[in-house]
Amino acid sequence: MAEHMLETDSLNDDGDGAAHVARRAIVVPFTIPGERVRVRLERARTVSNRQDGATLIEVIRASPHRVVPRCPHFDRVEAGPPCGGCAWQDIEYREQLRLKTSRVARLVRAALPSAPATLPMLPSTPQESPWGFRNKVHFVFGPRRGRDSVTMGHYARDSRDVVPVRECPVHAAAGNRAAFALRDAYVRAGITA
């Protein structure tokens with residue numbers, strides 16, 4: 001597949017970056033609006049009638065809102081499929097709030113053009129530490145990997161393959177402890193998925 005240089009200009013409804021070329025959206029996961037990126041177009045990854053998928057090769061010019069994801073499983077493209085448990089860990093939290101407000105405003109305006117202006121999205125966690133906010137801990141189990149009888153993690157992006165995780169920083173700490181204790185009990189009991 002050919003490589004291309006693109007300028008991302010928006011986010012799609014899944015939160016992935018998109019570049020628009022000849023009235024088609026090229027969806028590039030792990031990118032932020034305003035970034036210049038080198039991608040490989042994936043004909044097999046057509047997202048919809050008007051969207052083609054691409055694989056990010058390199059960020060040439062990063063957004064000033066790009067941050068290093070806290071989760072080691074977030075965008076592990078070179079180490080295997082990236083975890084699909086969450087999105088936007090590579091976007092600074094204040095910018096996430098701005099992007100979410102913009103998205104809500106766009107959706108409301110499309111459904112009800114006379115709606116009042118959308119208020120800014122309020123932070124759900126302290127802005128300096130936006131972690132551990134999910135009180136509903138959700139993991140999936142899959143077939144054995146390595147020495148354990150069962151694998152626990154999240155589905156890989158766009159698949160039903162389980163990415164084994166060692167931690168999930170968006171889950172509340174108590175939920176993580178309970179989930180990993182359950183996984184360890186399954187392993188000790190020899191329960192398989």
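Me: How do the residues of the lining of the largest cavity divide into nonpolar, polar and charged?

Reply: The model is predicted, so local features need pLDDT of at least 70 and side-chain atom pairs count only at pLDDT 80 or more, while totals for chains, interfaces and linings use all residues. Residues are numbered from 1 along each chain as its sequence is written, and side-chain values use heavy atoms, with hydrogens and water left out. The lining consists of Cys71, His73, Phe74, Cys83, Gly85, Cys86, Gln89, His154, Val165, Glu167 and Cys168. With Ala, Val, Leu, Ile, Met, Phe, Trp, Tyr, Cys and Pro taken as nonpolar, Asp, Glu, Lys and Arg as charged, and the others, Gly among them, as polar, the division is 6 nonpolar, 4 polar and 1 charged.

Me: What is the volume of the largest cavity?

Reply: A cavity is a set of points on a 1 Å grid over the protein atoms alone where a 1.4 Å probe fits but cannot get out, and lining residues have an atom within 4 Å of a point. Points are joined across faces, edges and corners, and the volume is the space filled by probe spheres set on them. The structure holds 2 cavities of 30 Å³ or more. For the largest, the volume is about 60 Å³.

Me: How many charged residues line the second largest cavity?

Reply: This cavity has a volume of about 50 Å³. Its lining is made of Gly15, Asp16, Phe30, Thr31, Phe74, Ala87, Trp88, Asp90 and Arg157. Beside 4 nonpolar and 2 polar residues, the number of charged ones is 3.

Me: Is Asp52 buried, partly exposed or exposed?

Reply: Asp52 is placed in strand 6 (residues 51–61), strands being DSSP runs of E with at least two residues and helices runs of H or I with at least four, numbered from the N terminus. Buried means under 20% relative accessible area and exposed over 50%, with partly exposed in between (1.4 Å probe, protein chains only). Because its relative accessibility is 21%, Asp52 counts as partly exposed.

Me: Which residues does Gln96 touch, beyond those up to four places away in sequence?

Reply: Gln96 belongs to helix 1 (residues 93–111). At a relative accessible area of 11%, Gln96 is buried. With contact taken as heavy atoms within 4.5 Å, the residues touched are Trp88 and Ile91.

Methods:
On a 1 Å grid over the protein atoms alone, a cavity is a set of points where a 1.4 Å probe fits but cannot get out, and a pocket is an open set with protein on both sides within 12 Å along at least five of seven lines; lining residues have an atom within 4 Å of a point.
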